[in-house]
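My entries follow in the order of looking.

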Amino acid sequence: HPDLVYPACRDGKEGFESAVQFFPAGYDPERGRLRPELSGKLSILDCLLAVVKSTTTDKVVLVSNYTQTLDMFERLCALRNYGFVRLDGSMSIKKRAKIVDQFNDPNGQ
């Protein structure tokens, strides 16, 4: 998603020196809402989550090795008002167990 590379483009980091010109005018992911339509993969995920949410009571697990990707998943869920819990390596084992129990709760969202 463009939000992931925008800071490097804005700051003219090596390899991104002239890339900022390809972003829409006024593009600023730090001030605006997430725009899933700017990424094919995030657009597909957005559609899949909408279908699951509207047709089932299933819960979904999204997995990534990258915290930036988890941040983006979290922003998408917040944008669409989907309930979510986040589990990452920075949590203690006790906190992780609590989050798993919360996710597995059949009355939870």
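**Ground rules.** I am reading a predicted model, in which local features need pLDDT of at least 70 and side-chain atom pairs count only at pLDDT 80 or more, while totals for chains, interfaces and linings use all residues. Residues are numbered from 1 along each chain as its sequence is written, and side-chain values use heavy atoms, with hydrogens and water left out.

**Confidence.** I took pLDDT as the predictor's confidence in each residue, from 0 to 100, and found a chain average of 92, with 98% of the residues at 70 or above. The lowest mean, 90, belongs to helix H4 (residues 93-104), and the highest, 97, to helix H2 (residues 40-55).

**Helix H1.** I counted a residue as buried under 20% relative accessible area, exposed over 50% and partly exposed in between, using a 1.4 Å probe and protein chains only. On that count the buried residues of H1 are Asp 3, Tyr 6, Ala 8 and Cys 9, and H3 is among the elements that cover them. After H1 comes Gly 12, with a positive phi near 65°.

**Asp 3.** This residue lies in H1, which spans residues 2-10, and its relative accessible area is 11%. Setting aside residues up to four places away in sequence, I find Asp 3 touching Tyr 27, Pro 29, Leu 34, Met 72 and Arg 75. The side chains of Asp 3 and Arg 75 are joined by a polar contact of 3.1 Å (a pair of N or O atoms within 3.5 Å; within protein, one must be able to donate a hydrogen and the other to accept it, and residues adjacent in sequence count only if both atoms are side-chain atoms).

**Cores.** A nonpolar core is a set of buried Ala, Val, Leu, Ile, Met, Phe, Trp, Tyr and Cys residues joined through side-chain atoms within 4.5 Å. The largest has ten residues, including Leu 34, Leu 49, Met 72 and Cys 77; H2 and helix H3 (67-79) each supply at least two of its residues, and H3 gives the largest share, five.

**Cysteines.** With a disulfide taken as a pair of cysteine sulfur atoms within 2.5 Å, I found zero in the whole structure.

How values were computed
Helices (H or I, at least four residues) and strands (E, at least two) are DSSP runs, numbered from the N terminus. Contact means heavy atoms within 4.5 Å.
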